[in-house]
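Open the model in your viewer and keep the selection panel at hand.

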Amino acid sequence: MTKETPVEQYIKNNHGLTHEHHIYLAKARGEISKLELKPEGQGQYQNQYLPLEQIIKEIEPILLKHQFLIDFDEILHENPSSLRIKMTCTFVKTGTQITKVCEMPCDKATSQGRKGAWTYGKRQLYQNLLSLPDKDNDGLEDMTYLQRLKAVGEMTKDFKDDEGNSLDDIREIAERNYWIKVKGDKSKKNDITTKKEQPTNPLDALKKQDQ
């Protein structure tokens with residue numbers, strides 16, 4: 001019997017392992033799909049969604065069970081108004097890595113803005129990797145017109161501008177300014193008409209006075 005060369009032995013031992021992470025990931029996805037996930041997050045339009053904390057609590061254990069580790073890193077770039085996030089999913093058994101990247105708009109002026117973009121981006125990457133239910137449209141697409149109006153009303157009921165005006169105040173000011181402009185335009189039009197009717201010839205003007 002011919003003895004196998006080291007190369008042949010390596011190929012035999014590792015045949016198919018280059019795609020083994022796909023098999024395990026499919027198993028993990030199948031197990032996740034059987035979870036009765038009840039979204040615990042509530043968006044600005046009163047919609048329900050899977051928050052990052054719930055994903056880590058309920059889904060991370062399944063990934064670990066199937067030998068997957070998840071890491072996130074920020075990719076530095078020149079655009080200060082966006083946050084670029086990279087997800088690295090490592091299959092421990094073979095060391096194979098799956099990487100995904102997303103870019104989220106953020107407010108650099110506030111740490112809260114960057115934190116929100118970071119959290120939202122991580123959720124999006126989890127959804128992309130694991131095909132999680134994607135209801136993260138703030139509920140807007142699933143709402144009726146009246147529901148949208150109600151939601152917007154709730155969001156803006158306490159709004160004040162820099163001068164302390166509420167939306168009702170702003171609406172009243174805008175309406176008043178509109179009618180002032182309309183009356184002003186009419187006055188200008190009347191002035192133009194009157195000027196057109198005035199004779200340009202001085203003799204004609206004197207004749208008009210004598211009539």
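Which residue forms a salt bridge with K93? Select E20: its closest N and O atoms to those of K93 are 2.7 Å apart. A salt bridge here is a side-chain nitrogen of Lys or Arg within 4 Å of a carboxyl oxygen of Asp or Glu. K93 sits in the loop between β4 and β5, E20 in helix α2, 73 residues apart. Helices (H or I, at least four residues) and strands (E, at least two) are DSSP runs, numbered from the N terminus. E20 is buried at 10% relative accessibility; K93 is partly exposed at 44%. Buried means under 20% relative accessible area, exposed over 50%, partly exposed in between (1.4 Å probe, protein chains only).

This is a predicted model: local features need pLDDT of at least 70, side-chain atom pairs count only at pLDDT 80 or more, and totals for chains, interfaces and linings use all residues. Residues are numbered from 1 along each chain as its sequence is written, and side-chain values use heavy atoms, without hydrogens or water.

The whole structure holds 5 salt bridges. Pick E31 and K65 next: their closest N and O atoms are 3.2 Å apart. E31 lies in helix α2 and K65 in helix α4, so this pair ties together parts 34 residues apart in sequence. K65 is exposed, at 57%. Now go to R114 and E74, with 2.8 Å between the closest N and O atoms. R114 belongs to helix α5 and E74 to strand β3.

**The sheet**

Show β3, β4 and β5. These 3 strands form an open sheet in the order β3-β4-β5, with antiparallel pairing. Strands pair if DSSP finds at least two bridges between them. β3 and β5 are the edge strands. Find the β3-β4 hairpin, with 6 residues between its strands. Here 8 bridges join β3 to β4, and F72 stands opposite M87.

Finish inside. Centre on I59: beyond its neighbours within four places in sequence, its contacts (heavy atoms within 4.5 Å) include L35, L130 and L132.
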